[in-house]
Amino acid sequence: MDKIWSRLTLVKTQFRRQTYYRFNTLMTIAGALMAATVQFFVWKSVSLWGHSDVEHISQYAIFATSYALLIPTAPVARRISQSVMKGTVAYDMIRPISLFNLSLFLQIGHFLFNLLTVSIPLSISYHFLFGVKFPFTLSINSLSILCASFFGLFIAFEIGYSIGLLSLITTRTGGFLSMFDGLMIFLGGAYLPLNIYPSFLKDLTSLTPFASIQYFPLQGLSNGSVPSWQLITQLFWLALLICITNIQESKLRQRLKIAGG
């Protein structure tokens, strides 16, 4: 009986421990609801559209699996959060190189590794396995796709850096990253194009930074070009996020100095 009770105590302890992370739980629930909403619109759209549109959705989804591996938000946020938990963030902030540049150049190395060893080989294999065609040629349209991809990844980096800076206050970033994942599914076209939504919802989601991260580059890759208004939207969000992270870092540095750091 004592053994049974001791095991039940372990279950009870772990259950209560999980209640300490209420924000993570709430964000997980929100993410699941968003994913369910996307699935609803997907199959509703499939039932109404023709074969060519379903093929377009499939091609977009295949591209998304490779592109998602390059999005830097989670690696950047987790690296800073781990530095905070280990107590080494103070050393990072007094290095000759700024915390921003340290995070950026470390992420560039991470990005190049994933690009060369995972994303490009995967994309090539998709052509042979699924017959996916890449409408990518050396032209002005191709340049627009490259610009959209660069802007999108930089926006994702800025969001990750912002979340990482918040860990100086919250220590952990799991809840914020769960929310980010959910928003990317619902607003960013993480797995499927936003044109599965009704027109009013598609127009609304296209104005968010999450659409700028993934939907614009992938839709451009599928269509062969990126409209100029999408590039302008990306530049707007990039400029705004740079301002936000600059303010964040300045405020947090002041806070550390006031605390005697």
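1. Is Leu166 buried, partly exposed or exposed? Leu166 has a relative accessible area of 27%, so it counts as partly exposed (buried is under 20%, exposed over 50%, partly exposed in between, with a 1.4 Å probe and protein chains only).

2. This is a predicted model, in which local features need pLDDT of at least 70, side-chain atom pairs count only at pLDDT 80 or more, and totals for chains, interfaces and linings use all residues. Residues are numbered from 1 along each chain as its sequence is written, and side-chain values use heavy atoms, with hydrogens and water left out.

3. Leu166 sits in helix α7, residues 140-170 (helices are DSSP runs of H or I, at least four residues, numbered from the N terminus). Leaving aside residues up to four places away in sequence, Leu166 is in contact with Thr171, Phe176 and Gln248 (heavy atoms within 4.5 Å). Gln248 is 82 residues from Leu166 along the chain, with 8.3 Å between their C-alpha atoms.

4. Helix α8 covers residues 174-187 and spans 19 Å from first to last C-alpha, close to the expected 20 Å (1.5 Å times one less than the number of residues). Its buried residues include Phe180, Leu183 and Leu187. Gly189, which follows α8, has a positive phi near 65°.

5. In helix α4, the buried residues are Thr73, Val76, Ala77, Ile80, Ser81, Ser83 and Val84. They lie on the same side of α4, because their arc around the axis is only 155° (taken from the directions from the helix axis to the C-beta atoms).

Note on methods. Helix = DSSP H or I, 4+ residues; strand = E, 2+ residues; numbered from the N terminus.
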